[in-house]
Amino acid sequence: MKAIFKLFKRIMIILISCIAILVLGVFLFMQQASFGATAKGERLERIKASPNYKEGKFRNLEERPTLAEGHSMWGEGMDFLFKKHPRVSPTDPIPSVHTDLKSLPLEKDLAVWFGHSAIYFQLQGKRFLIDPTFSGKASPIPGSVEAFAGSNVYQAEDMPAIDYLLISHDHYDHLDYPTILALKGKVKKVICGLGGGAHFARWGYSPEQIVEKDWYETEILESGIKVHCEPTHHDAGRGFTRAQALWMSFLIESPDLKIYLNGDGGYDQYYKVIGEKYGPIDWAMIEDGQYNKAWQSVHKLPDEVIQATLDVQAKNMIPIHNSKFTLAKHPWDEPLKEVSRLSEGQPYKLATPMIGEVVFLKDSSQVFKKWWEGIN
């Protein structure tokens, strides 16, 4: 009996030691700069004054569970890890066009999509970059979520000087630490949600570069451009901290164009509100991809992409948040197939550029092919 007790005691000591080492390892790993920072001091006080910050975190306009009824985080995790889902990643390289961004005429209003939600565009002689992710990864965990072959052909060094870097929220597939570091010398101003500036401050951006906004606030830029910061139904967080930086969508208004950038977000009433407030909108970049009925509240299904486009009264729509990472269980090309099918007969024009293909924002005659067809 004494021998059994000694063995049990030894096993418990080993088990507790292993747990302690694991906890310490996780703690040390989480201290990396890539996890960013949470707001303190004056930044935190401004957050606390926001009507969208309640009981220690930011809240959506309408409270609803991230996971739909009948689904659990454990069940979804096990399904993702151990159940086979066909064609979630392409076996062929994603096709692209390698445009020399630095030589594009600055007087041309245009957009260039880089896969997922990363977009460059020129408006009224100013250069914008949205949610760039050029590291080829959508997670800080090595080997976990890597870009499809052929989809990561643009890097920070390909970018010209950027007047305004806009970040919709701080998830890794939208706020990419290596990319943000590499861009630091090229960026004039960063516009992000409240709390997001803490990440940039930790990563060496100066206070003069960082502009943090709440929902319904407007930033007046040069050349008569306005950036209206609007809601979206989503979430934010890096590491174990959740909802400490505000997620948002942007309506960018120049004297002759309106561009809506959805960021990430499930379908909600705010699309109609945005349409009534700003419509008609010339171009909408709407999240279409990485969806699942389990988390429909925070990512739109294809039919909801169409409805959101109609709600905001868009004349043209580019589907984004696809064709670079596997973050859901649907076939990699399903978002583009479905949005293309569902857009037939709709009052807006669907634009499906290849990665790197220039979209001229004032050229209604430009035609885009279904580049994903024939890609396995």
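Visitor: Is Tyr-216 buried, partly exposed or exposed?
Guide: Tyr-216 counts as partly exposed, because its relative accessible area is 46% and that class runs between 20% and 50%. Keep in mind that this is a predicted model.

Visitor: Where does Tyr-216 lie?
Guide: Tyr-216 is in the loop that links strand E8 (210-213) to strand E9 (218-220).

Visitor: And which residues is Tyr-216 in contact with, leaving aside neighbours within four places in sequence?
Guide: With those neighbours set aside, Tyr-216 is in contact with Leu-61, Cys-229, Glu-230, Pro-231 and Lys-277.

Visitor: How many Å apart are Tyr-216 and Phe-250 in space?
Guide: Their C-alpha atoms are 9.9 Å apart, while in sequence Tyr-216 and Phe-250 are 34 residues apart.

Visitor: Switching to Lys-329: buried or exposed?
Guide: Lys-329 is buried, since its relative accessibility is 17% and the cut-off for buried is under 20%.

Visitor: Now the inside. Which residues touch the most other members of the largest nonpolar core?
Guide: That core has 74 residues, and the ones touching the most other members are Phe-114, Phe-121, Phe-128, Leu-166, Ile-252 and Leu-261. Apart from it there is another core, of 17 residues, including Leu-251, Tyr-260, Val-305 and Val-339.

Visitor: What about Leu-166, which residues are in contact with it?
Guide: Leaving out neighbours within four places in sequence, Leu-166 is in contact with Phe-128, Leu-129, Ile-130, Asp-131, Ile-191, Val-227, Phe-250, Ile-252 and Leu-261.

Visitor: Let's zoom out. How many helices and strands are there?
Guide: The protein has 8 helices and 18 strands. Buried residues account for 52% of its 376 residues.

Visitor: How does the radius of gyration fit a compact globule?
Guide: It agrees: a compact globule of 376 residues would have a radius of gyration near 21 Å, and the protein has 22 Å. Along the principal axes, the C-alpha atoms fill a box of roughly 85 × 50 × 40 Å.

Visitor: How much of the accessible surface belongs to carbon and sulfur atoms?
Guide: Those atoms hold 59% of an accessible surface of about 17200 Å².

Visitor: Last one: how many positive and negative side chains?
Guide: There are 43 positive and 46 negative side chains, and the centres of the two sets lie 7 Å apart.

How values were computed
Residues are numbered from 1 along each chain as its sequence is written. This is a predicted model: local features need pLDDT of at least 70, side-chain atom pairs count only at pLDDT 80 or more; totals for chains, interfaces and linings use all residues. Side-chain values use heavy atoms; hydrogens and water are left out. A nonpolar core is a set of buried Ala, Val, Leu, Ile, Met, Phe, Trp, Tyr and Cys residues joined through side-chain atoms within 4.5 Å. Buried means under 20% relative accessible area, exposed over 50%, partly exposed in between (1.4 Å probe, protein chains only). Contact means heavy atoms within 4.5 Å. Helices (H or I, at least four residues) and strands (E, at least two) are DSSP runs, numbered from the N terminus. The radius of gyration is taken over C-alpha atoms; the globule rule is 2.2 Å times the number of residues to the power 0.38. Accessible areas come from the Shrake-Rupley method with a 1.4 Å probe; for residues, only the protein chains shown count as cover. Lys and Arg count as positive and Asp and Glu as negative; His and the chain ends are not counted. The place of a charge is taken as NZ of Lys, CZ of Arg, CG of Asp or CD of Glu.
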